[in-house]
Amino acid sequence: MSDITVTKLASYRNQTPYPFCPGCGHGPILDHLNKALVKAAIDPAKVVLVSDIGCSGLSDQYFATHAFHGLHGRSLTYATGIKLARPELTVIVVIGDGGTGIGGTHLLQAARRNIGITVLVFDNFNFGMTGGQHSVTTPKGAKTPTTPLGNLERPLDLCATVAVNGASYVWRGTSFDGELSDRIAEAITTPGFALLDVFELCTAHFVEHNTMSKSTLLEMAGRLGFETGLIRRQPRPEYAAAYREAMAGVRGQPLREPRRIPTLQPVSLARPFRLIAAGSAGGKVRSATRLLAEAAVLSGLWVTQREDYPVTVKSGHSIAELVIAPEEVLYTGIERPDAMVLLSADGIKKSGAMLKVMDQHGRVFVAPGLPAPPTAAAVEPLPAPAVRVERDHMGLYALMRAVRALDLLPRSALEAAAQRGGRAEANLATIAAAFA
Amino acid sequence: MREWTDGSTAIVRGALHAGCTFFAGYPITPASPILMSMLAELPKTGGVAIQAEDEIAAIGMCIGAAMSGARAMTATSGPGISLYSENLGLAIMGEVPLVVVDVQRLGPATGGATTVGQGDLQFVRWGTSGGFPVIVLAPSTAAEGYGVTRRAFDLAERFRTPVFVLTDKELSLTTTTVDPRAYESVPVGARVQHAVGQPFTPYHYEPAAAVPPIAHVGDPTLVRFTGSTHDERAFLTKDPATVGKLNAHLCAKIDAHAAELEWAHSDLQPGAETLLVAFGVTSGALRQAVKNLRANGRKVSSLVPISVWPVPERALAAALQGVRRVVVAELNPGLFAREVRLVAPNVEVVSVTRMDGELVSPTQIEEACR
């Protein structure tokens, strides 16, 4: 293939003859596409034909434009990626009725997003390449090898579907329409998503089993109650352009950097300390534990915080496992905790196995009002706060109270961590309550 | 000064620093933090990030963008890789530079969405029809996710192929202290581009292991891209000689560069008769077990593969010198142990596995060494 840098061509076709069956509509539609490109006079290097699978999927081979031939039904996804990466390109999808079925969701989303691609549907009501099986557009009652007694399914109205979901340009006609090239040219020059549903004959299969001719194609649309001609032409913001416009404000802003924490006051620790906080989702278990973790990092220690929670969001358990160590933590799991802080009934329920493996050296702290669970570890019920602590701060209170009892970190490190985070004042008050 | 961060953040930064310009993904636990970060960060660099309608669209958009000149990445978990399958084949066949992050969770099917697993090891290698090779890199620490992602872009660009970053829920989401010096600024190469004005055949490679220079959709040079069996000009063909040459090329492109692609951390101890092997998050327990065993006077060697595909056979062969037993630990039914057995058919291979959503512990590994 040679380079083409001219901006205007007499033809966008190459010299290769079409391989389609006699009487097939594909060739005439592609001739109209060629005429439309000539009419629009777009630099062929700025045009890409994205072809789907099936007989129409062969189309890209006959054009002197960029060509992209991918998987069945996914042509719209490649076209979307191309348009997002290179919004200046004219992106044309050539797809059969089969492709619009298997790629149905992509069709809906492309229309809804109003991504700037033109979809040319070679709609011959069956899978021509694989034996004439029925597709999503096969009319009710039609005979195909997979509907031997007549199709029971209602055909999909592609035009109505994309029109109601926001397409900028929608047209329906046939491969015999003289205006087809003008309509394609209109579609590719209208910003946003465009779809042309072109009814045509599959002479290999569909017309063999059904009464179908040039004159009955449009009649059939009427019988189905499908609109024909120009159905919608209503430009609205094209997605790739809208995306760039919307993002212009953040362009050049600095990238988010990971949280950097200095060592304020080194704390020495003889060996790793493993603590588990077990509570309920929504109980700020993870954020309370995070405050403790950051206090340990501020103390020059190495820390990992591993979390466990169910697939639900604000219900069920929430477990945070902390490993605080004098050197890099290699294994982030906990085989046997040194301490557990039980914050709720959900937390106790989830902690059975850990409570079981703990021995008399382990310490278990139980938030005020909770029952003492069975364990060989030393269980220490935590006293209720002497001052008022908000309900959603009870987790932090209990955790801080346990840290105090364990003499794990100095109060100053906890306060420093609180000061560096959000809701500093409320967290400082809770730390004060725990250390009162 | 330490960072308090996680593996997801390291992967996202690695991608941004590697020059990623396009991201498409679909929400899935535990890969969603990468999607959300890319949606927030990529527009700052002038790139494009989009939440697609499903995983099929996500990888499809990446393939379209990559062939239009973008450096593209997508991220998902096991169920999403299932939906990527056919398009992974397209990326192999069409020779698309693409980075795919798999944050593994416990499978099969929906499995344990918030639960760790390492069961995609063989799936990512064999996850599309044909059996053609891909490159899969598994960071062994959160910080290593940064350098590994950079390396994934480097290899995807230079070899025009999908490259996986294989990680997991714990490595990705566990917050950890990181010494900033641990980030490795791996150099990132670029795809070899066709020289404008020269004659262009989209899939010209000589010899078989060579990577064809690329021209992009939208460039002045007209490009043809196809997922069908094709000749050098990307026209569909069934000619046996042409088809055989193409498929041999897709294998040779990766296989002939195995020595360059293989990557492992070896920690060998002279006189060791036991070799411990683990990848990804399980390598943490492995390193702890090695420490404990040596503290008790045991001689043990360890190997942590970073390139799980290709299997680092050279480093493994070197580590096997004098070894009588290999212990392979992983969160799956023993998928990497299979590979070790192939490399070490005459050595006892002990498979330590865990599939209950918990991590393999150092104790489990130490017990297997008794």
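Predicted model: local features only at pLDDT ≥ 70, side-chain atom pairs only at ≥ 80, totals over all residues.
Residues are numbered from 1 along each chain as its sequence is written, and chains are lettered from A, with ligands numbered from 1, in the order in which they are written.

**Domains of chain A**

- Chain A is assigned domain 1 (26–247) and domain 2 (273–435); such bounds come from an automatic or database domain assignment.
- Taken over C-alpha atoms, the centres of domain 1 of chain A and domain 2 of chain A are 59 Å apart.

**Contacts between the chains**

- In chain B, 64 residues are in contact with 62 residues of chain A, where contact requires the C-beta atoms of two residues, placed from the backbone, to lie within 7 Å.
- On the side of chain B that touches chain A, helix α3 (residues 55–66) of chain B gives the most, with eight residues. Helices (H or I, at least four residues) and strands (E, at least two) are DSSP runs, numbered from the N terminus.
- That side of chain B has 28 nonpolar, 23 polar and 13 charged residues. Here Ala, Val, Leu, Ile, Met, Phe, Trp, Tyr, Cys and Pro count as nonpolar, Asp, Glu, Lys and Arg as charged, and the others, Gly among them, as polar.
- Strand β2 (residues 66–69) of chain A and strand β10 (residues 224–226) of chain B run parallel and are joined by three bridges; A:H69 has B:T226 as its bridge partner.

**The sheet of nine strands**

- Strands of both chains form an open sheet in the order β10(A)-β1(B)-β9(B)-β12(A)-β13(A)-β11(A)-β14(A)-β15(A)-β16(A), with mixed pairing. Two strands pair if DSSP finds at least two bridges between them.
- At the edges stand β10 (259–261) and β16 (378–381) of chain A, each with a single partner strand, so one side of each is left without a neighbour in the sheet.
- On average, neighbouring strands of this sheet are turned by 20° against each other, direction ignored. Axes are lines fitted to C-alpha atoms, for helices over the stretch in contact, and angles run from 0 to 180 degrees between N-to-C directions.
- Strand β1(B) runs antiparallel to β10(A), with three bridges, and A:R260 stands opposite B:E3.
- Strand β1(B) is also joined to β9(B) by three bridges, again antiparallel, and B:W4 has B:T177 as its bridge partner.
- From β1(B), B:R2 and B:W4 point one way and B:E3 and B:T5 the other way, and all are buried. A residue is buried if 20 or more other C-beta atoms, placed from the backbone, lie within 10 Å of its own, exposed if 12 or fewer, and partly exposed in between.
- Strand β14 (residues 339–342) and strand β15 (residues 363–366) of chain A pair in the parallel sense over four bridges, with A:V341 opposite A:F365.

**Helices of chain A**

- Helix α10 (residues 285–298) of chain A lies across strands of both chains, including β1 (2–5) and β9 (175–178) of chain B, and runs at about 5° to β13(A).
- Helix α13 (residues 394–406) of chain A lies across β11, β14, β15 and β16 of chain A, at about 150° to β14(A).
- In helix α14 (residues 411–420) of chain A, A:A413, A:L414, A:A417 and A:A418 are buried. Seen down the axis of α14(A), the buried residues fall within an arc of 140°, so they line one face of the helix; the arc is that of the directions from the helix axis to the C-beta atoms.
- The buried residues of α14(A) pack against α10, α13 and α15 (424–435) of chain A.

**Individual residues**

- A:K284, in the loop between β11 and α10 of chain A, has a positive phi near 60° and is not a glycine. A:K284 counts as buried, with 21 C-beta neighbours inside 10 Å.
- B:R160 also is not a glycine and has a positive phi of about 50°; B:R160 counts as buried, with 24 C-beta neighbours inside 10 Å.
- A cis peptide bond joins B:T29 and B:P30, and the peptide bond from B:W309 to B:P310 is cis, with omega near 0°.
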